[in-house]
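Please read the following explanation with the coordinates open.

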Amino acid sequence: KNNQIRNTNSVQNSGNINISSLISKFQGKPKYDIQIKPTEIILNDSAWSISPTNIVYTQAAQTVDIQNLLINTDYQAIQAHGKISKSKSDSIKVQLNNIDINYLLTYTDASKVISIQGPVTGSATLYSVLSDMMLNAKAKISNAGINGVYLGDAIAEAKWDRMNKSILINGTVVDSTNHKVADVLGKVFPADKLWILDIDCD
């Protein structure tokens, strides 16, 4: 089966995702075993490849198993592996390798007021995604810049704020001699596509 994605904006997002699925029963409810076959899609005017991946959704258990999802270009990659569920013992790990941070911002309202340059590499682990989610993440933006002004290498950690349903960011920026040049505090509200960023330069 080919599932087509396409948009009508000036920036192109399109492609045909080639999948096959097997539907069975578990505890009297459907279980979907989805095989994603090698696929190429266009995201934000760039060609991305999706490697063969197996995703299993078990309705009775309310779980989604993702096995080695890999989406990549020649020099950028996003990987995900693990289980999405309500259990605190289940987690999914997402890894970013050399992803253009400004590319990620194009999917938020932050891109209307700020441009952040630099490739981001890091990992995030999410626990009990379908219930009381927890998040631990670490990332580095090499040669980071804001609105075309070079700052240095940004290193940050992030955690999930359950009460406010936001991602809290705490980081620093260092120059080529590893001297701290700025502190960075931020909040991301995914549901509202809202970013709040406070940069305190030394």
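## Contacts, hairpin and pocket

Asp 132 and Arg 162 form a salt bridge, with 2.9 Å between the closest N and O atoms; the term stands for a side-chain nitrogen of Lys or Arg within 4 Å of a carboxyl oxygen of Asp or Glu. Asp 132 sits in the loop between E11 and E12 and Arg 162 in the loop between E13 and E14, so the pair ties together parts that are 30 residues apart in sequence. Element names follow DSSP runs, numbered from the N terminus: helices are H or I with at least four residues, strands are E with at least two. Asp 132 is partly exposed at a relative accessible area of 32%, and Arg 162 is partly exposed at 40%. The scale behind these words takes under 20% relative accessible area as buried, over 50% as exposed and values in between as partly exposed (1.4 Å probe, protein chains only).

The model is a predicted one, in which local features need pLDDT of at least 70 and side-chain atom pairs count only at pLDDT 80 or more, while totals for chains, interfaces and linings use all residues. Residues are numbered from 1 along each chain as its sequence is written, and side-chain values use heavy atoms, with hydrogens and water left out.

Across the whole structure, the search finds five salt bridges. One of them joins the side chains of Lys 83 and Asp 65 at 4.0 Å, N to O. Lys 83 belongs to strand E8 (residues 77-84) and Asp 65 to strand E7 (residues 63-72), so this contact ties together parts that are 18 residues apart in sequence. Lys 83 has a relative accessible area of 27% and is partly exposed.

The side chains of Lys 180 and Asp 183 also meet in a salt bridge, at 3.3 Å from N to O. Lys 180 is partly exposed, with a relative accessible area of 34%, as is Asp 183, with 26%. The strands concerned, E15 (residues 180-189) and E16 (residues 194-201), run antiparallel and are joined by eight bridges; two strands pair if DSSP finds at least two bridges between them. Four residues lie between the strands of this hairpin, where Lys 193 takes a positive phi near 55 degrees.

E12 gives the most, with nine residues. The lining has 43 residues, and those nearest the centre of the pocket are Leu 96, Ile 101, Leu 104, Ile 167 and Trp 195. A pocket here is an open set of points on a 1 Å grid over the protein atoms alone, where a 1.4 Å probe fits, with protein on both sides within 12 Å along at least five of seven lines; lining residues have an atom within 4 Å of a point.

The volume of the largest pocket is about 1,300 Å³, taken as the space filled by probe spheres set on the points, which are joined across faces, edges and corners. By class, 33 lining residues are nonpolar, six polar and four charged. Ala, Val, Leu, Ile, Met, Phe, Trp, Tyr, Cys and Pro count as nonpolar, Asp, Glu, Lys and Arg as charged, and the others, Gly among them, as polar.

Glu 157 is found in strand E13 and is partly exposed, with a relative accessible area of 42%. Its C-alpha atom is separated by 4.4 Å from that of Lys 138, 19 residues apart along the chain.

Which residues form the aromatic pair that is stacked? They are Tyr 32 and Tyr 57, at 6.0 Å centre to centre and 10 degrees between the planes. Rings of Phe, Tyr and Trp (its six-membered ring) pair if their centres lie within 6.5 Å, and planes under 30 degrees apart count as stacked, over 60 as edge-to-face and the rest as tilted. Tyr 32 is in strand E3 (residues 29-36) and Tyr 57 in strand E6 (residues 53-58), so the pair ties together parts that are 25 residues apart in sequence.

Most residues other than glycine have a negative phi. Gln 62, in the loop between E6 and E7, has a positive phi near 55 degrees. Asn 68, placed in strand E7, has a positive phi of about 55 degrees and is exposed, with a relative accessible area of 52%.
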